[in-house]
Amino acid sequence: MMQRSYGRGRYGAVLASLALFTGLLASQGNAFVPPIGSNNVLRSAGRIGDGGFTVKSPRSMNVGNTAGASGKKNRHGGHLLTMKMWGDEGDIVGQDRIKSCIPYLLPLADGHHFGKYIFLNFPALRAVDEVTIAPLAHFLDSVPFLSLIVFLVLSLGTRNSDMARGVRFNAQQAILVDIALIFPELIGSGMDGVAMPTVLMASASNFVWYFMTACVGYSVVNNLRGKKPDQIPFISNAAEMAVGPF
């Protein structure tokens, strides 16, 4: 009975996480929607170009050293400062390589139980898991709603523009991978008590674990190489939109 009550609480927490993320994404998107016709007005005034926002700058401005911008002369001899909407160049440098990997501990811990059948068949992998991810998963499970709290911290942290955009992107992508685990959780909850063939249950559980591990492994490897892991279908694009242009 205690396990079933905990399960219901867990599903409630992940649903609350999904609702919160949807609200944050909606508010983030609305913040960058310009008024109707504003682009035409700005473009006719010479303030915006087809490639991004442009503003007139004095001749003395050192445009070449402006991060995320490119400068060129207009026909009147002035300078135009073209701001790139998506400001990073796709490289992750220095300590950001490690910082970008840390958020992926959340989906690894939340999706840990999907690997139970794999761990039974591969004792060596189980031994590695018991000294790495399993303790973290047990700790998150032992404190009510701790996983949700970590989720909230990561969600709000991605809105801090003082943090490197590569780190914020990875935090948001880790959140989305974690959200993707909600759906098999809900399906499993809905089929609680229904007799299912073990082969079918093991195959479904293994697939989810492989998916999660592949996403996390791809992201961590690319972060350590200094490359932004932005090639996960659907999830990476959603992470870009959620983080915003700067």
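What covers the buried residues of H7? I started the notebook with that, keeping in mind that the model is predicted.

**Entry 1: overall counts.** I looked up the secondary structure before going to single helices. The protein has twelve helices and four strands. Of its 246 residues, 37% count as buried. I then took the contacts in the protein with a separation of 6 or more, and residues 24 or more positions apart account for 72% of them.

**Entry 2: H7.** Helix H7 spans residues 133-142, and I noted Ile 133, Ala 134, Ala 137 and Leu 140 as buried. Viewed down the axis of H7, these buried residues fall within an arc of 130°, so they line one face of the helix. I checked this against the general rule: an α-helix has 3.6 residues a turn, so residues three or four places apart point the same way. The face of H7 turned away from the buried side carries His 138 and Ser 142, both exposed. To return to the opening question, the cover over the buried residues of H7 includes helix H4 (105-110), helix H6 (123-130) and H8.

**Entry 3: H8 against H9.** Helix H8 (residues 146-157) and helix H9 (residues 165-180) pack at an angle of about 140°, and their axes are 9 Å apart. That angle makes H8 oblique to H9; the cut-off for roughly antiparallel is over 145 degrees. The crossing in which H8 passes H9 is left-handed. On the H8 side, I listed Phe 151, Leu 154, Ser 155 and Gly 157 as making the contact. On the H9 side, the contact is made by Arg 168, Ala 171, Ile 175, Asp 178 and Ile 179. By class, the residues of this contact divide into five nonpolar, two polar and two charged.

**Entry 4: H12.** Which residues of helix H12 are buried? For this helix, residues 235-243, I found Ile 235, Ser 236, Ala 239, Glu 240, Ala 242 and Val 243. They cover an arc of only 165° around the axis, which puts them on the same side of H12. Asn 237 and Met 241 are exposed on the other side of H12. I also looked at what comes after the helix: H12 is followed by Gly 244, whose phi is positive, near 100°.

Terms used. Residues numbered from 1 in each chain as written. Predicted model: local features only at pLDDT ≥ 70, side-chain atom pairs only at ≥ 80, totals over all residues. Heavy atoms only, no water. Axes fitted to C-alpha atoms, helices over the stretch in contact; angles between N-to-C directions. Helix = DSSP H or I, 4+ residues; strand = E, 2+ residues; numbered from the N terminus. Parallel < 35°, antiparallel > 145°, perpendicular 65-115°, else oblique. Left-handed = near helix turned anticlockwise from the far one by under 90°. Contact = heavy atoms within 4.5 Å. Nonpolar A, V, L, I, M, F, W, Y, C, P; charged D, E, K, R; others polar. Buried < 20%, exposed > 50% of the residue type's maximum accessible area, 1.4 Å probe, protein only. Arc of directions from axis to C-beta.
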